[in-house]
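Welcome, and thanks for taking a look at this one with us. Please have the sequence and the coordinates at hand as you read.

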Amino acid sequence: MALGLRVRLLLAFALLGVTTTAVVASGSYFQARTVILQQAQDAAVASLTDELSKVYPVVSLPPTQEELDLLAQRLSDREGDAVVRYGDLWAQNVADEADVLTPELRREVAGGRIAWQRVDRHGERLLLIGTQLRFDRSDGTSVPSGVEVYSVRSLATEQQSIDRLATLAWVTGGLSLILAVLLALLAAQGVLRPVRELGRAARRLGEGDLSTRLTVRGVDELADVARTFNDTAGTLERQVGELRRMEADARRFVADVSHELRTPLAAMTAVTDVLDEEADRLPGDAGQAARLVSQETQNLTQLVNDLIEVSRFDSGTARLALDDVDVAAAVNATLRLRRWADRVHTDLPSGVVARLDPRRLDVIVANLVGNAFRHGTEPVSVRLRAEPDWITIEVADQGPGLDPEVLPHVFDRFYKADTARTRSEGSGLGLAIAWENARLHRHAGRSGSLVAGNTPDCGAVFTLRLPRVAAETVDAGGVR
């Protein structure tokens, strides 16, 4: 699971604080522990050496039991007990202390050296120090006498000091962790606030509010990001504003030209009507030319009408003229009007009534069926299905179907899928207008839809969904 920036900052600061505290506290603890124990050890060795100087050297060997006991009593004090040994002879009052003497320590002392060692006895920390007394010979030299003296001292006081240091280290670590978390929260607040502001500004910018700007605070990297965002937003606002102005000019130009063409086209249509009547009586090429002019005039008229319709969608002035429509009857009327009734297989249940715009329904069905005839293969079928709140009309053909690369662009304006179809007639606006007309019908906040796809038999199929009761609204459609 990905962790948020706040959590990562908290973890990083906490880890840094704990690691730093652990290193510093551990180093200080071990150094102080070593110093405390070394001081206690040095003091004990000095104390034992001082006491031994009072009985040094041994003047007679072997010592008696009374002499060993007396020596042990003289060397024992409130800070520790003394253990005295000569061969198998031990001072009799220190049997418990004799048990803690380790073989390693005794070997060192037997070799004539001063040795010390720290051991635990029943959870108590002890310091053992051992040495041998010297014996003066008649020739004036001194040699180890074999009398071993051991000092057994408790390190309880020093251990308490060490424990206090450990407790202080733990407390320091805990306080450092708390301080690290507080610092992390402050740092996270300082970092996350501009990041959150940047995120909100980016969302507003993505939603279309191009006037969004950030408040620049300070001169750090986050301030540089805010300035860069503001510069980018300003550039984007200027560019989008220019594009919108150019788009509005283009739409106005298309609308103006389309409206201006209607008058001369009306005159040309009247002339072509006369030419149509005379075409059969005109000789050869003249008759063919008259029919060609008539057909192209009709195509130009249709293109101008389509452009005017598109301009209404773009300007937001397209309106629904709703009426209660018998859908099956309306579809049959569309087919009969265009002389397609005998060429289309229909499955149109009667009694399906919907409140729609009959003219726009006629435009949609005519475009879909005409497209199937132009680009598909017969037979073409139209099927109607009714739901409680929606109706569905499917128009399918038996052609090669739509190429997957074509499907996303089928309803784009002026798009012609020449590579996917055998022919490419028309202006490329018919399906775009059908799509806009479908979306113009709304119900309960949902728009009608027109979707292109392929049937299992590879033919193309267009599925129209319209509400049974469309709302009386104005819709600007969508730019394709």
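Between which helix and which strand does the loop that holds Arg-339 lie?

## Two loop residues with positive phi

Arg-339 sits in the loop between α8 and β7. Keep in mind that this is a predicted model. The phi of Arg-339 is near 60°, a positive value in a residue other than glycine. Arg-339 counts as exposed because its relative accessibility is 76%, with over 50% as the cut-off.

## A cis peptide bond

Another loop deserves a stop on the way. The peptide bond from Glu-378 to Pro-379 is cis, and its omega is near 10°. Pro-379 is found in the loop between α9 and β9.

## The sheet

Five strands make up an open sheet: 5 strands in the order β7-β9-β10-β14-β13, with mixed pairing. At the edges are β7 (344-347) and β13, each of which pairs on one side only. From one strand to the next, the twist averages 15°.

Let us follow β10 through its partners. β9 and β10 form a hairpin with 3 residues between them, and they pair in the antiparallel sense over 6 bridges. Along this pairing, Val-382 stands opposite Val-395 of β10, and Arg-383 has Glu-394 of β10 as its bridge partner. β10 is also joined to β14 by 7 bridges, and these two strands run antiparallel. There, Ile-393 has Leu-464 in β14 as its bridge partner. Most of β10 is covered, with 6 of its 7 residues buried.

## Helices on the sheet and against each other

Which strands does α9 touch as it packs on the sheet? They are β7, β9, β10, β13 and β14, and the direction of α9 makes about 175° with that of β14. α10 packs on the sheet too, touching β13 and β14, and its direction makes about 135° with that of β13.

Two packed helices are described by the angle between their axes and the distance between the axes. For α8 and α9, the axes come within 10 Å and cross at roughly 55°. That makes α8 oblique to α9. The crossing of the two helices α8 and α9 is right-handed. On the α8 side, the contact is made by Ala-330, Val-331, Thr-334 and Leu-335; on the α9 side, by Leu-361, Asp-362, Val-365, Ala-366 and Val-369.

Leaving aside its neighbours within four places in sequence, Val-327 is in contact with Val-352, Ala-354, Leu-356, Leu-384, Ile-391 and Ile-393.

Terms used:
Residues numbered from 1 in each chain as written. Predicted model: local features only at pLDDT ≥ 70, side-chain atom pairs only at ≥ 80, totals over all residues. Heavy atoms only, no water. Contact = heavy atoms within 4.5 Å. Buried < 20%, exposed > 50% of the residue type's maximum accessible area, 1.4 Å probe, protein only. Helix = DSSP H or I, 4+ residues; strand = E, 2+ residues; numbered from the N terminus. Pairing = 2+ DSSP bridges. Axes fitted to C-alpha atoms, helices over the stretch in contact; angles between N-to-C directions. Parallel < 35°, antiparallel > 145°, perpendicular 65-115°, else oblique. Left-handed = near helix turned anticlockwise from the far one by under 90°.
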